[in-house]
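These are my notebook entries on one structure. I looked up a few things and wrote down what I found.

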Amino acid sequence: MNGVVEISGRVASSRGICPDCGTPSLSCHSRYFRTLSDLPISGAVVKLRLLVRRFRCGHGTCSRKTFSEALAPVLGSRYGRRVARCDDLLRAVGLALGGRPGSRMMARLAVPWSRDTLLRAIRRDIATDPPAAATVIGIDDFAWRRGHSYGSIVVDLEQRKVIDILPDRQRETIVAWLRENPQVHTICRDRGPGYGAAATEAAPHARQVADRWHLFENASAAFLAAVRSEMPRLRKALAPGVPIDPGTLTRAERIQWDGAKAREMVNKEILALAEQGVPLKAMARTTSVSRQTIRKIVRGQRHDTFRARQSSLDPWFVMLEAEWNAGCRVGAELWRRLKASGFAGSLRVVTEWATRRRRDDKLGHPASPTLSARTVARSLTVERDTGSARNAMVSAVIEKAVPALITARDIVDRFHAMMRSKDVKRLDPWIKAASASKLASFAAGVEADKDAIAAAITEPWSSGQVEGTINRLKLIKRQMYGRANLDLLKARLMAPV
C-alpha cells in the first residue's frame, strides 16, 4: 500500500531466556508488535511486523522482572530497528557517500534512512584493532581549516593504505607517534622543517626521503624568484626606450599599473628600513606587511609591474601576428579565423588584444606585450622548445642582457636531469655550481637537507601515495559539510575495501 510492503510474522520459539541470569521462562507477561526495516522489493519499502512476547523472569535473585524474547541473529539485535542484512548496505553507502549524500541515495533505493543513521553506522564500525606495523611510511599535513589548523596523515607505502590520522602537525605529536612505532625504518616527507626535525629526534635510525615532486616544485619556484629579482633589467631590455604612459593603458592595465606604483612605494620604504638594520619583525609591525612579503622585497623579488596570468591566446600569438601583419585588423574577424583553426576562447579576449595591438602601432611601441615574471620564466623553461617567435626573441634578449638567468636555467636543467637519472654522484657538484648562481638560496636548502635529497634520488619511495590520499581526504571533507571529525575521517579513509 502506497509503495510500502508489510510482512507480518511472529517468533516461533516456545520459551524465552532471560538476558541477565540466563534462566528459561514459559510465563508470558504480554505481547507487542515490533517493526523492522528490510531491503526493498521491486522499488517498494519493506516493513517486517513481528509479534513479540514478553516473559517473566522466575529467578528470585534476578533484578530483571520481565524481558522480551530475542530475535534470531539473522533478523537483528535486541534493540535494532532494521534487519541485520541491511547493515552491510548501510555501511557501504555511508563509507562511500557520507551522511547527506548517502541519505539521498538511500531514499532513491527505497530504504529511507537518515544521515544520522548512516553516520552512527560508520562510527559503530570503526576498527578498534591497531593497524599492522608499517616499516615504510609517508607523512604529510592536510588542512582542517586552511591557514589556521592542520592535521597529519600517515600512509603505509608498502601496503598502500592509511594507517593513522593525527589531529595536528605539532612536533610533539609526530615524535610521540614515531616512538610508539619504532619499527619504522623509512620516512617519506616533504621538505618542511617540522617532520624532518621530529623524525630526527624520535627515529634517528630511520632514513628520511624527501618528496621528489616538492623538489621539482622548489626548483621551479627558485628560478621564478631569480627572474623576479631581474625584472627591472628585463623590462628595460625587452622594451628599450619605451616608457609606460599611464594614459595609453587599458582599464585592466591601469589597475595593475596603479597597484605596481603602490607596491614600489612600499618596496622603497622596506628597503630603506633594511639598510638601517631594522629587524624583520619590527618592519612587519611598522609597515603592516607580512614577513614573507618583506623577505621577497629584500631579496629583490617583487618588481613585477604587470602580473598577468597565462592567457588563452598565448598558443595563438604567432598566428595572430601573422593575420595582423597580413592586414586583418578587425577583432571579430580575427576571432572567427582563430575559431576556425580550433581556438576555444571568447570574442572579447581577441577584441581586447586587437585594441591593445592597434594602440601599440599608433604609439610606435614594439609588438611584444609587457611580459610578467611568470611568462618570462615559462618562455625560458617549458616553452623554449615550442618554436614560438616570441620565445626565441625573449631568450635572445635575456641571454644578452641578463646572462645570469641563462646560467640559472641551465642549473635547473641539471637538477632535473640528476633527479631523473638517479645519479647521486652529481649532487655535490650541482650544489657547488648552484651556490655560485642566482639559485644560491635553493642550493643552501638542498645542502641542509642533503641526506634526505640523496635518498630521494636513490630510493624508490616517494610521497605520491600520500598526496593522492590527501586529495581523497579533501573530497571526503567536502562531502561531509563540516562534520568531518577525526573519527569519521578515520572510519572512511581506513575502512577495509
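**Second largest cavity**

I began with the lining of the second largest cavity and sorted its residues by type: 7 are nonpolar, none polar and none charged. For this sorting Ala, Val, Leu, Ile, Met, Phe, Trp, Tyr, Cys and Pro count as nonpolar, Asp, Glu, Lys and Arg as charged, and the others, Gly among them, as polar. The model is predicted, with local features needing pLDDT of at least 70 and side-chain atom pairs pLDDT 80 or more, while totals for chains, interfaces and linings use all residues. Residues are numbered from 1 along each chain as its sequence is written, and side-chain values use heavy atoms, with hydrogens and water left out.

The lining residues are Ile137, Ile139, Ile174, Leu178, Ile187, Tyr195 and Ala199. Two or more of them come from each of β7 (136–145), α4 (171–180) and α5 (193–202). Helices (H or I, at least four residues) and strands (E, at least two) are DSSP runs, numbered from the N terminus.

I noted a volume of about 40 Å³ for the second largest cavity, and 2 cavities of 30 Å³ or more in the structure. A cavity is a set of points on a 1 Å grid over the protein atoms alone where a 1.4 Å probe fits but cannot get out, and lining residues have an atom within 4 Å of a point. The volume is the space filled by probe spheres set on the points, which are joined across faces, edges and corners.

**Salt bridges**

How many salt bridges are there? I found a count of 18, taking a side-chain nitrogen of Lys or Arg within 4 Å of a carboxyl oxygen of Asp or Glu.

I looked up Arg169 and Asp141, whose side chains form a salt bridge at 2.5 Å, N to O. Arg169 sits in the loop between β9 (161–166) and α4, and Asp141 in strand β7, 28 residues apart. Arg169 counts as partly exposed because its relative accessibility is 38%; buried means under 20% relative accessible area, exposed over 50%, and partly exposed in between (1.4 Å probe, protein chains only).

Next came Glu459 and Arg207, with their closest N and O atoms 2.7 Å apart in a salt bridge. This pair spans 252 residues, from the loop between α19 (450–458) and α20 (464–479) to strand β11 (residues 207–210). Arg207 has 38% relative accessibility, so Arg207 is partly exposed.

Glu230 and Lys438 also form a salt bridge, at 3.1 Å between the closest N and O atoms. Glu230 is in the loop between α6 (212–229) and α7 (231–238), and Lys438 is in the loop between α17 (427–435) and α18 (440–448), 208 residues apart. Is Glu230 buried or exposed? Glu230 is buried, because its relative accessibility is 9%, whereas Lys438 is partly exposed at 31%.

I also noted a network of salt bridges that links Glu323, Glu333, Arg336 and Arg337.

Met419 lies in helix α16 (residues 403–421). With a relative accessible area of 3%, Met419 is buried. Met419 and Thr458 are 39 residues apart in sequence, and their C-alpha atoms are 8.8 Å apart.

In helix α9 (residues 280–287) I listed Ala282, Met283, Ala284 and Thr287 as the buried residues. Ser288 follows α9 and has a positive phi, near 60 degrees.

Notes: 1 Å grid on protein atoms, 1.4 Å probe; cavity = no way out; pocket = protein on both sides within 12 Å on 5 of 7 lines; lining within 4 Å.
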